[in-house]
Every structure is written in C-alpha cells, then in structure tokens.
Amino acid sequence: MESTRGRQGEYRRQGGNGTQVQNRKHGENRRSEGNRQTAARQNGSAGSRADRERMRRIRQERERKRKIQNRIRLIRNVLLLFVFSFIFIKCSTWLFSYVNTGEKDVQQISVPHTDANRDVNTDADATQEGKEVPVSAIPDGKHILKDAEVEEALAELAQADNDLAEIYTKRIFYPEELLAALVNNSEMTEFVKGYLTADKTVTGEFNEEELSEEHPLLIQWDERWGYYPYGSSNIGIAGCGPTCLSMVILSLRGDESATPDVLADFSMENGHYVAGAGTAWSLMTDAVWQYGISVQEMGMDEDAMKYKLDRGGMIICSMFPGDFTTTGHFIVIYGYDKNGFMVNDPNSRERSGRQWSYDTLRYQIKNMWGYE
C-alpha cells in the first residue's frame, strides 16, 4: 500500500513539474511572438520611413527636372524671338531701302548752269538742246556690300555716270565679285547693267570680223557668252583662261566651234576648274590637243618668246597682280615689234590696244605656254 501511494505521489510531483514546464514554454512562446510582432512593427515603421524618403526624393527630382525644362523652354523662346525680330528688322530695312530706291531712284539731276537766272525747267532745256543730263547717285550711307571699299568706290563712280548710278542703286541684286570687277574695269558697265535681265545662256557665235582677223580679240564679258556659267561664277568674271584658249584655237586653226563657252565646258567636265581659285594651269595644255595644236611650257626668256612668235605661234601667260589683274589672270601674246609685245587681254580692250615692253611684262608673268 505504501509503495503504491509512493508511486502515486511521485506521479503527482512529475505531473506538477510537467505542467510547470509546459507553462514556461507557453510563456516563452508568447514572449517570442510578442518580440516578433514588436520587430515587425519596428521594421514596418522603418520601411514606411524609407518609402516616404524615397518618394520625397522622387518628387524633388521631378521638380528639379520640371524647373530645368521650364528654363530650357524659356531660353528657346527668347532665342526664337530674337531671331525672328532680327529677320523682321533686316527685311523691313531692305524693303524700305528697295522701295525708296525704286520710287525715288536715289538720284539727283545735276545740270551745269551757264546763266545764273536759268534755274527753272533745266531738265527740259537740256533735253531740248540734245544734251545728256548727267546723273549722280546720292550715297545712302548703307553698307550693303561686304567690301566697304568696293561700295564706296562704286558710289563715287556712280556720281558721274547714269548707268553706274543705276547699278549702284540696285547693288544689292548683283554678285559682289561682279561689282568689284566693275570698279576695277569701267569697260564692263554695259555687261554688268545687263546682268539682271540676262538668261545666262550663250546668245551668239563668232562674227564675220573676228573670223576674218588673223588674231582677233575676244572679250570674256562679251554678252554672247559672258553670262554663261563657269564654276560658281560665269565666264565674264572667271573665264579668262577659256577665252584665251579660244583666241589661240581660232587664230591658229580657224575653228569656229571653239567659242569660250565650249572651252569652259571642257574645263568643267575634265576637272580643270578649281573652286575658289579658278582655271587650273592644266587646262592650258590639255585643251588644245583635240584641235591639232602642239603646246610647250616656256621659260621666261625674251628671245624664246620672239622665236615662238616668229614661227607663227602664240603665247598664253598666267599673270601676277600688276597691270593686268589684282588677283590672277591669263592673257595672250600674239606678236611684237620695236615698240614691244602685242597683247590680247580678254578683260580689257584698252590694255589690248597697247604694246608692252619685255621689262614691263617679265616681272608680272607667272608661267607661259607656247602654241603652234
């Protein structure tokens, strides 16, 4: 009996201890769960703060980009406004100048008075007497051309010539290189005047006088071919090389087909025109073989020049700036006598009508080619 009660007591003690153990485990589990919930709340709170910080930074970045875009749009709009204002002012100025020039012609009639009391109807009097009324252009003070010196020289020349006055008042419509050539050579006045209405085509061939002469003078700015395109310009301005070759071929072979425009086309088609520089020296040798003409490059020697001319040949010279040009030029030498060498200058009838000594020419010649 005692042993049985002992065992039951032992069982009760063990059961009580088990209950205590279980209670402790339950307590520990509850504490662990509480800790996890607390940690979760803490993590959730930390996550919320990070999210809020991230969203704040995103909003700040968007605001910064928006401000940058607004500044770019503002700057672009200001620049566009400036450009359009500049164009509008320029166009308005040009239009006002053109209308003012077209309607008033920016000219004054200047008639010398032989009688102090004759100051009425002087235009009619001059017309009735058959006298040409000189016209002077009033310099308008506007710098339309890039080269102010050309513009000033043209204004000065225009005060003494009707045609030059008309060209001056319309100078905005002409190529500046054409006006520069005119300032250096008043012989071109009619050619320049006709530029605005020319159709830029070839309008004629050699005439009977040229075909009958032994060494005809051909002018590069002749209206028959002067307006014809050559490179970025035309024969009248840049075609001295083809025109010189045309003179040589016509003189030595009488070939009526070798007009300056034909030689200009040959130069363009075969790469002898150099943009910004003009005719290359290679044209002087390559263009004449098809016409049965021989060519040799010559040194600067007076006796050699005369020997070539004595044999019935002709010479083309490339010129330094000097009496014949301010930049570069080609001329033809076709004869000589005791007064000097005879020259055909494709840019000037006046210079072609003179004779030139060897001493004058020798320091102006870059290179020479002899033709037979």
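**Exercise 1.** Is aspartate 337 buried, partly exposed or exposed? Then find out what its side chain touches.

*Solution.* Keep in mind that this is a predicted model. Start with the location: aspartate 337 sits in strand 9, residues 329–337. Next, take its relative accessible area, which is 32%. Buried would need under 20% and exposed over 50%, so aspartate 337 counts as partly exposed. Now look for partners beyond four places in sequence: aspartate 337 is in contact with Met342 and Gln355. With glutamine 355, the contact is a polar one between the two side chains, at 2.6 Å. Finally, a polar atom of the aspartate 337 side chain lies 2.8 Å from the backbone nitrogen of asparagine 339.

**Exercise 2.** Which residues of helix 5 are buried, and where do they pack?

*Solution.* Go through residues 176–184: Leu178, Leu179, Ala181 and Leu182 are the buried ones in helix 5. Looking down the axis, you'll see these buried residues fall within an arc of 160°, so they line one face of helix 5. Then check what that set packs against: helix 3, helix 4, helix 6 and helix 8.

**Exercise 3.** How do helix 9 and helix 10 pack?

*Solution.* First get the geometry: the axes of helix 9 (240–253) and helix 10 (260–269) are 8 Å apart, at an angle of about 120°. That makes the pair oblique, and their crossing is right-handed. Then list who meets whom: from helix 9 come Pro242, Thr243, Leu245, Ser246 and Ile249, and from helix 10 Pro260, Leu263 and Ala264.

Technical notes:
Residues are numbered from 1 along each chain as its sequence is written. This is a predicted model: local features need pLDDT of at least 70, side-chain atom pairs count only at pLDDT 80 or more; totals for chains, interfaces and linings use all residues. Side-chain values use heavy atoms; hydrogens and water are left out. Buried means under 20% relative accessible area, exposed over 50%, partly exposed in between (1.4 Å probe, protein chains only). Helices (H or I, at least four residues) and strands (E, at least two) are DSSP runs, numbered from the N terminus. The arc is that of the directions from the helix axis to the C-beta atoms. Contact means heavy atoms within 4.5 Å. A polar contact is a pair of N or O atoms within 3.5 Å; within protein, one must be able to donate a hydrogen and the other to accept it, and residues adjacent in sequence count only if both atoms are side-chain atoms. Axes are lines fitted to C-alpha atoms, for helices over the stretch in contact, and angles run from 0 to 180 degrees between N-to-C directions. Angles under 35 degrees count as roughly parallel, over 145 as roughly antiparallel, 65 to 115 as roughly perpendicular and the rest as oblique. A crossing is left-handed if the near helix is turned anticlockwise from the far one by less than a right angle, and right-handed if clockwise.
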